[in-house]
Amino acid sequence: MLKERIELLSKRKQISRKDLVEGLVTQAHFANILADRYPLPEDLAEAIAGRLGVSPSYILKAAAQDEETLERAEVVFEQMSVPASAISEDAVHALADRDDTLTVELTTALMKAVYYQQLNDATAHEYIHTSYLNFYLEKYGRPDDIDLPRPLAKALLFYKIQYYRSKMAFVDVLTHATRLSELALPGSEFWLSVQNIKMEAYIQVKQYEEAKQVFELTMRHVYDQRMFHRLSGLYVAYSGYCFAMGLVQEALSALTMAEANLVYAGNQGDLVTAIANNRIVMLTMTGELDQAQAEIERFESLLQQEPEETQQAMQPLIGVYRCEVALTRKNWGVLAQSVDQLLKCATTQDQQMSATFYQSHLALAHGDREVFMERALACLPYFESAQHVMRLEPLYEGMAVVSEDQRKYKEAAMYYRKLVYLLRKK
């Protein structure tokens, strides 16, 4: 860890290894120190720290993994491994970005990155990566290949899980969640959170039997330990399992159970949103559009009881719901109006790309093929990278038909091949 810290500081100072140790020690001897073959003398650490513009302790304690260091890193992980809505902004800002030990410093940076990702704070998320994290992710980015202190290993796995979830790469999510589950204390709150993630991942990769086993195991533990505050979250996850299995009514019943158990939950706001989202999506996908519209309106009425900031944050989500219902109904006038509203409040790339997707369908419905292709090509790379099947199917089909009509037969054949490949994977 000393080696990595020295490398980052040298990079920032734009000082070579040769210049860093000039007149202090040979490069070969210093390389052996960085490789942990020789100890780092205090006088050498002080001289190097001076050249790098940091305190001597920032060099001497970089690789520390004593009990006190591990405890401090564990506290940071536990504090930040809950949903972002349960963490105050002041608490996040109170966590120092710099620590003499790399274990604490890097754990803090990883967990802050997860926090900013959950809040969709792209500016803060990008800054912490470009100024710090990207360097260490190159060094420690494969947690299965590196022996890291336990709290740092957990933070890195948790970071990787959130990253792969954002990319819809659930095979990788499952791999890292399985490893993280092994590091979590069985039965702890965090262990239960990881079980929910595993269940979600199993559903996404269509390992339904494994998903059900995780649900039953977790549910037994929740009832045995009377951890009823976990029931709503579990039922939300179970609803996803049922829907994936084609058990629509059972999925909707699971959401009703989730809502009924909200009284025990501590993070009701997050769960209300998850319940409403699942219900609206399920009703829309199954063609129950009147019920879906009613749920959207009910969700909006619930949001009116929330602070203004929360209402504004949820507006893009409401916009996507309204667009989806209007598109399914082929109500182009309502869709055009809803897309305009979505574009005014969209804050994330996903929301912006969704708006572009809806614009493409509006153009196709109005016979404007040039605009359709322009909008479709603008959002296609994003949905391909996320493997968003519900978006890709209509895009490929529409682009194939339009290309064929324009006598661009090679392009049409390519889009048809992509569509067939996508359908075979379902």
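Buried residues have under 20% relative accessible area, exposed ones over 50%, and partly exposed ones fall in between (1.4 Å probe, protein chains only). By this criterion Y382 is buried, and F383 is buried too. The model is predicted, so local features need pLDDT of at least 70 and side-chain atom pairs count only at pLDDT 80 or more, while totals for chains, interfaces and linings use all residues. Numbering starts from 1 along each chain as its sequence is written, and side-chain values use heavy atoms, with hydrogens and water left out.

Aromatic contacts were examined next. Rings of Phe, Tyr and Trp (its six-membered ring) pair if their centres lie within 6.5 Å; planes under 30 degrees apart are stacked, over 60 edge-to-face, and the rest tilted. The whole structure contains 16 aromatic pairs. F357 and Y358 form one that is edge-to-face. Their centres are 5.5 Å apart, with 70 degrees between the planes. Both F357 and Y358 are buried. Y382 and F383 also pair, with ring centres 5.3 Å apart. Their planes stand at 70 degrees, so this pair is edge-to-face. Elsewhere, Y132, F135, Y136 and Y140 form one aromatic cluster.

Helix packing was then considered. Helices (H or I, at least four residues) and strands (E, at least two) are DSSP runs, numbered from the N terminus. Axes are lines fitted to C-alpha atoms, for helices over the stretch in contact, and angles run from 0 to 180 degrees between N-to-C directions. Helix α20 spans residues 349-365, and helix α21 spans residues 369-386. They pack at an angle of about 150 degrees, with axes 8 Å apart. That makes α20 roughly antiparallel to α21. Angles over 145 degrees count as roughly antiparallel, under 35 as roughly parallel, 65 to 115 as roughly perpendicular, and the rest as oblique. The crossing of α20 and α21 is left-handed. A crossing has this hand if the near helix is turned anticlockwise from the far one by less than a right angle, and is right-handed if clockwise.

Contact means heavy atoms within 4.5 Å. On the α20 side, the contacting residues are Q349, D350, M353, S354, T356, F357, Q359, S360, A363 and L364. They meet V371, F372, R375, A376, A378, C379, Y382 and F383 in α21. By class, the contact of α20 with α21 has 11 nonpolar, 5 polar and 2 charged residues. Here Ala, Val, Leu, Ile, Met, Phe, Trp, Tyr, Cys and Pro are nonpolar, Asp, Glu, Lys and Arg are charged, and the others, Gly among them, are polar.

S360 lies in helix α20. S360 is buried, at a relative accessible area of 0%. Not counting residues up to four places away in sequence, S360 touches F372, R375, A376 and L395. S360 and P39 are 321 residues apart in sequence. Their C-alpha atoms are 63 Å apart in space.

α15 passes α16 in a left-handed crossing. A251, L252, L255, T256, A258 and E259 in α15 meet I275, N278, R279, M282 and L283 in α16. The contact of α15 with α16 has 7 nonpolar, 2 polar and 2 charged residues.

Backbone geometry was inspected in two loops. Most residues other than glycine have a negative phi. D36 is not a glycine, yet has a positive phi of about 65 degrees. D36 sits in the loop between α3 (27-34) and α4 (42-52). D36 is exposed, at 63% relative accessibility. In α3, the buried residues are F30, N32, I33 and L34. These pack against α1 (2-13), α2 (17-21) and α4.

R226, also not a glycine, has a positive phi of about 55 degrees. R226 is in the loop between α13 and α14 (231-244). R226 is exposed, with a relative accessible area of 61%. Y223 belongs to helix α13 (residues 208-224). At 43% relative accessibility, Y223 is partly exposed. Leaving aside neighbours within four places in sequence, Y223 is in contact with F228, L231 and Y235.
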